[in-house]
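Here is a short tour of one model for you, starting at the ligand and moving on to the sheet and the core. Keep the 3D view open as you read.

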Amino acid sequence: MPSLQGPRIVAGPPGPRVTKLLRDSGLEPSSYSSPIVEEAKGIYVKDPDENVFTDLISGRCVVNTGYNHPRVVEAVKRQAERSIHWQTEQAYTLIGRLEKMLGSGLKQVYWSQAGSLANEHAIKAVRRATGKPLILSFTGSYHGSSMGAISLSGYDPSMKRHYGPLLPGIVHVPYASCYRCPLRLEHPSCALACLAYIEEVAFKSYVPADEVAAVFVEPIQGDAGWHIPPPGWHQGLKRLCERFGILHVADEVQTGFGRTGRWLGMDHWGVKPDVVLLGKAMGSGVPISACVLGRDLLQSTDPEPIPIHAQSFSATPLGTAAAHATMDVIGDERLCENSERMGAYMKNRLIDLMDEHSSIGDVRGLGLLIGVEIVKDRAKKTPDPKAADAICAEAFRRGVYTLNMGSYGGRAIRVAPPLIITKKQIDASIEILGEAMGKIEKN
Ligand code: PMP
């Protein structure tokens, strides 16, 4: 396929074909806000009306290597011709590569096809390995949409409303989301009070520490609005886990595979978790996820060496082939370095936009995981979800696709393009985002 160039809007959006498709599906054409894919390549998605959008969210942080990277496509094609079902050699060799990436000993891997499922398995594994019932999780966290994963999550009440009762034994404590601190404090004068809360408040008033199996933590809270804990927070949490005999589970589903400028988000803090959850970008769009545990963890604590966690689709041949190719591309094309370099450039360009656009309250990010907080009043940090939606809709009309998310009532626009993005492509995207903000601010 020749490479796509964009962004380019020729009709609508939506144009006539998408309008008809939506109408035939009982949907309003005005609901068109996320491109329908006719074909996709690199950072671009072409819809059925020949509109070409820049995808600033990498299909929800999935296509870190860009859409349809030729090496990923080739690996998947080659594997499809040989077998599309049942375990292959590549599942075994992939464990070795994950061990190297994680760099902390031999691993046992439970494969699935979604980040939610990796979290589900981790809930079972930590309870079984420790024999303890309780799990700590964080306000603002997003761990997926299955029952266990929504029980872990603290992202938005709408994730849970009317679905209860949820999984018992999960306790939420405040995350270091400093821009919207759950304790209404300021960093650094807070002296990491949210971390101290676990030991000084939770463990001394409502959580028996000796019954806590694990803490589940995102290196950076993505869907909550791209909150990056301050220096020392993750290391402090790990030390607390070690002191109390609590397993440390890092949900790297969104932050893994180069997204933040390192192979893993936790690499920024030098923390080695006991359990790591991977998904999204792992297969560049071919579904594959993994719950990766120290090999000794379950075997040393359980009379049955391999706990039952059966799935018809485990490490699928296409998923593992795509994961190998994805890791090859990230390594060979130095995409972690590009993520770091282009992320810094893009963040600075977005910070520059703050001079002209009062709707930007804050820009924060690591590598190419950047959030642009949209507010009514910068000093007061008053959330403006309506403006955030309107800016995304206006950018979409001009050929840039992004979305906004956030916890605590806030909304941040997600800026997380494929890691192959160039300066020129960043400049073109920033121009359109700026135009969209200008238009909405005038209204
Ligand atoms: N964990 C994290 C940190 C995520 O960001 C997400 C998805 N946004 C998930 C888990 C769930 O992954 P999936 O949608 O593949 O089930």
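Sorted by class, the shell around the ligand holds three nonpolar, eight polar and four charged residues. The model is a predicted one. There are 15 residues around the ligand, and those that come nearest are Gly115, Ser116, Gly144, Val253 and Gln254. Helix α5, residues 115-130, gives the largest share of this shell, with three residues.

Next, the sheet. Four strands make up an open sheet with mixed pairing, in the order β1-β2-β3-β14. Its edge strands, β1 and β14, each pair on one side only. Strands β2 and β3 pair in the antiparallel sense over three bridges. Val45 has Phe53 in β3 as its bridge partner. The residue ranges of the strands are listed here:

| Strand | Residues |
|---|---|
| β1 | 39-41 |
| β2 | 44-46 |
| β3 | 52-55 |
| β14 | 400-401 |

Finally, the core. Which residues have the most contacts inside the largest nonpolar core? They are Val126, Val249, Val275, Cys291, Ala322 and Ile370, in a core of 117 residues. Helix α10 (residues 317-332) supplies the largest share of this core, eight residues. Domain 1 (16-68 + 334-442) and domain 2 (70-332) each contribute at least three residues to this core.

Leaving aside residues up to four places away in sequence, Val249 touches Ala122, Val126, Ala214, Val215, Phe216, Pro273, Asp274, Val275 and Leu277. Two of these partners, Val126 and Val275, are also listed with Val249 among the residues with the most contacts inside the core.

Definitions and conventions:
Residues numbered from 1 in each chain as written. Predicted model: local features only at pLDDT ≥ 70, side-chain atom pairs only at ≥ 80, totals over all residues. Near = placed C-beta within 6 Å. Helix = DSSP H or I, 4+ residues; strand = E, 2+ residues; numbered from the N terminus. Nonpolar A, V, L, I, M, F, W, Y, C, P; charged D, E, K, R; others polar. Pairing = 2+ DSSP bridges. Core = buried A, V, L, I, M, F, W, Y, C linked by C-beta atoms within 7 Å. Buried ≥ 20, exposed ≤ 12 C-beta atoms within 10 Å, placed from the backbone. Domains from an automatic or database assignment. Contact = placed C-beta atoms within 7 Å.
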